[in-house]
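Reader: I am new to this structure. Could you take me through a few of its features and show how each one is read?

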Amino acid sequence: MLRASGLRKTYVTPAGDVHALRSFDHAFEPGKVTAVLGPSGSGKSPLLNLLAGFDVPSAGEVWLGDVAINRLPERERSGLRLRSFGFVFQSFNLVTVFSALQNVALPLGLAGVPRAERDERARETLERVGLLHRADHLPHKLSGGERQRVALARALANDPAVVFADEPTGSLDSANGALVLSALEQVALDGRTVVLVTHDVALAGRAHSRLRLLDGRLDSVDHGGATVPEAGLQDAALTGPAPTADRAVPLTSR
Amino acid sequence: MIAQFAFASLTRRPLRTALTALGIAIAVGSTVVFLSLGEGLRQAFDTGLAGLGPDIQVSYGVFDTTSLSSVPQLPQRYLGAIEEEAEAYGISAITPVLLYLRGSLAAATAFMFYGIPEDTDLGRLYRDYTIVEGRDLAPARVERGDDGRVPVVGPAVVGEQTAQRGGIAVGDVLRLNPSAAFEVVGIAVADGGLLDNAILVPLEPLQAALGAEDRLSFLTLELDDPSTAGSTAEALREAYPELGFQTRSDLSSVFERAVRISDVVRLGISAIALIVGGIAVANTMLMSVFERTREFGVVRAVGARPRFLMGLVLFEAMVLALVGALAGIAVGYVGALAVNQYALDLIGLDVAAVTPRLVAFAVAVAGGVGLLSGLLPAARAARVPIAVAVARE
């Protein structure tokens, strides 16, 4: 389980200290989508950076199981991100010189998986997001929705325990946004922890729980549950017909 | 993984990659041309020395790089003295040589005259000595008495390159000075380079023409066992302390020292081009790292260690440098051919040579340049802060 205790982040600037995160304690449940909500400047991005091990806290701890991530040297933190975390960013952040397949194979390659095996596994993962036919295309040849699905496939390539999604639908139209969100819900159903950072209240409404940040503090926790019934997620497919904004996106499991 | 990433990045911007590699190619090419001059001189010397083939060369006084001056200093009495003791020293043959350089502002009319006894076995002095036209030096007499004004005092055998360069043919008369001329009776070739520029004439007429009847430039000694050259030269030095005895390796080391000094000078000049090439690679890599900050941040976020990015940037810099080096070696090879074409016309020698060790040196230097120029960009890539990089637009 991913959890944070007494987490603080203060940036020292010439103009004075900036308290990006004043205090944060929470345990993120596996198998659930947890949305982190808040207005700009509320501390969402600093929190994500600390939880994901991109940055180290000024105080407090981030635990994955019984490992305090923030105490690990950078080399081991990199290894932990590689094995246990997956990332989906708002602007996709695909490697522009790599094809879709090579992007998905990147974490596998970094983990030392042999070329033939990583290509095979990357193809399988691309097939799961319905983009096998686009495997050899460079990112600029893909639509926004396709790029985000490639990013999702890359996040899942190493079978991580936690997937972080930072405004994953922010650059997408509503149809593709719904598609990606449904895929994240499916990821949670597979038993993974999904941390969804967003300022979109409607999007957060589909999460199992919502954390509201305000001025760097955890303002409220809402365990209201997902607005999309779990049964509705079971047999859907990302590979189905192009979604529309007002239609439920079918999903499928492997 | 690093290679796959690097090649994808380098081929994504082919023009920039090609221009950077071109910068290195020009730097390495100029280095190869400059250093090929030293290599060519070494080769010419090695083959020439092997062609001349004295086990020991005897001169008057201490040998140095100016000993082959045009002023003959060795009294001829030493020829007889050493001949008397030849058997005791294991000397199988002695050849007296009088060297005379007829200088000229025009290379085509500057000649090196070698006065040697006309009955000398030239095959012993010059490897694979062959007369390609006319006859050998012996007999030393010639039919013509003069060329109208200057008396013809003996025959001459001219090296093929000298003949071609000076437009000399069998039957021509070569004036040595206002009181003596030689009639060309043969054109010869031999392995190595020294005969190419030589005009062989009988010793005594040359001595007479130069007013040096009892003087020689040097003696060449052939030994029964060439491997004893060092100890024999030492024994001769004790017996004749006023003379200089140089073995082939002595001669090589003096020449090698001179060439090395010139190597350092030429390398210094080339270093400027190499530094410029290195800066080009560093600049390209720094730009590339800056442009790919977000990409590097993402790769780090996904789980790459800092040293992966460091390795990636260094690898790209090395690939640029080595591709540039290979192109540069090709450029240098063509440059060396052009230099040789010019030098052959001018002095009859191949002065430039692109040897395997020069190629290895060029590749090593380019690799070093790539490594050094990649270090700063690589360090910068490794320090990319993930949170900042992934948020960058």
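Author: Let us begin with a loop. B:Pro139 sits in the loop between β5 (130-134) and β6 (152-159) of chain B. Keep in mind throughout that this is a predicted model.

Reader: Which form, cis or trans, does the peptide bond from B:Ala138 to B:Pro139 take?

Author: The general idea comes first. Most residues other than glycine have a negative phi, and most peptide bonds are trans. The bond that links B:Ala138 to B:Pro139 is cis, its omega being near -5 degrees.

Reader: And what about phi at A:Asn93?

Author: A:Asn93 is not a glycine, yet its phi is positive, at about 55 degrees. This residue also belongs to a loop, the one between β7 and α3 (100-110) of chain A.

Reader: How do β7(A) and β8(A) run, parallel or antiparallel?

Author: They run parallel, and 4 bridges join β7(A) to β8(A), which covers residues 162-166. To find one such pair in the model, look for A:Val88, whose bridge partner in β8(A) is A:Ala165. As for side chains, in a regular strand they alternate between the two faces of the sheet.

Reader: What do β1(A) and β2(A) form together?

Author: They form a hairpin, with 2 residues between the strands. Strand β1 (residues 2-13) of chain A and strand β2 (residues 16-21) of chain A run antiparallel and are joined by 5 bridges. Within this pair, A:Val12 stands opposite A:Asp17 of β2(A).

Reader: Now the helices. How is a packed pair read?

Author: Two packed helices are described by the angle between their axes and the distance between the axes. Take helix α5 (residues 144-156) and helix α6 (residues 174-189) of chain A: their axes are 9 Å apart and meet at an angle of about 15 degrees. Angles under 35 degrees count as roughly parallel, so α5(A) is roughly parallel to α6(A). The crossing of α5(A) past α6(A) is right-handed.

Reader: At what angle do α4(A) and α5(A) pack?

Author: The angle between helix α4 (residues 115-128) of chain A and α5(A) is about 130 degrees, with the axes 9 Å apart. That makes α4(A) oblique to α5(A). Their crossing is right-handed.

Reader: How far apart are the axes of α3(A) and α4(A)?

Author: Those axes lie 8 Å apart, and the packing angle is about 120 degrees. This pair is oblique as well, and α3(A) and α4(A) cross in a right-handed way.

Reader: What span should helix α12 of chain B have, and what is the distance between its end C-alpha atoms?

Author: Helix α12 (residues 356-382) of chain B has 27 residues, which at 1.5 Å a residue should span 39 Å; the end C-alpha atoms are 37 Å apart, which agrees. There is a kink of about 40 degrees in α12(B) at B:Leu375, shortly before the proline B:Pro377.

Reader: Finally, into which domains is chain B divided?

Author: Domain 1 takes in 2-47 + 255-391, and domain 2 takes in 69-216. The C-alpha centres of these two domains of chain B are 49 Å apart.

Note on methods: Residues are numbered from 1 along each chain as its sequence is written. Chains are lettered from A and ligands numbered from 1 in the order in which they are written. This is a predicted model: local features need pLDDT of at least 70, side-chain atom pairs count only at pLDDT 80 or more; totals for chains, interfaces and linings use all residues. Side-chain values use heavy atoms; hydrogens and water are left out. Domain bounds come from an automatic or database domain assignment. The expected span of a helix is 1.5 Å times one less than its number of residues. The bend at a residue is the angle between axes fitted to the seven residues ending there and the seven starting there. Two strands pair if DSSP finds at least two bridges between them. Axes are lines fitted to C-alpha atoms, for helices over the stretch in contact, and angles run from 0 to 180 degrees between N-to-C directions. Angles under 35 degrees count as roughly parallel, over 145 as roughly antiparallel, 65 to 115 as roughly perpendicular and the rest as oblique. A crossing is left-handed if the near helix is turned anticlockwise from the far one by less than a right angle, and right-handed if clockwise.
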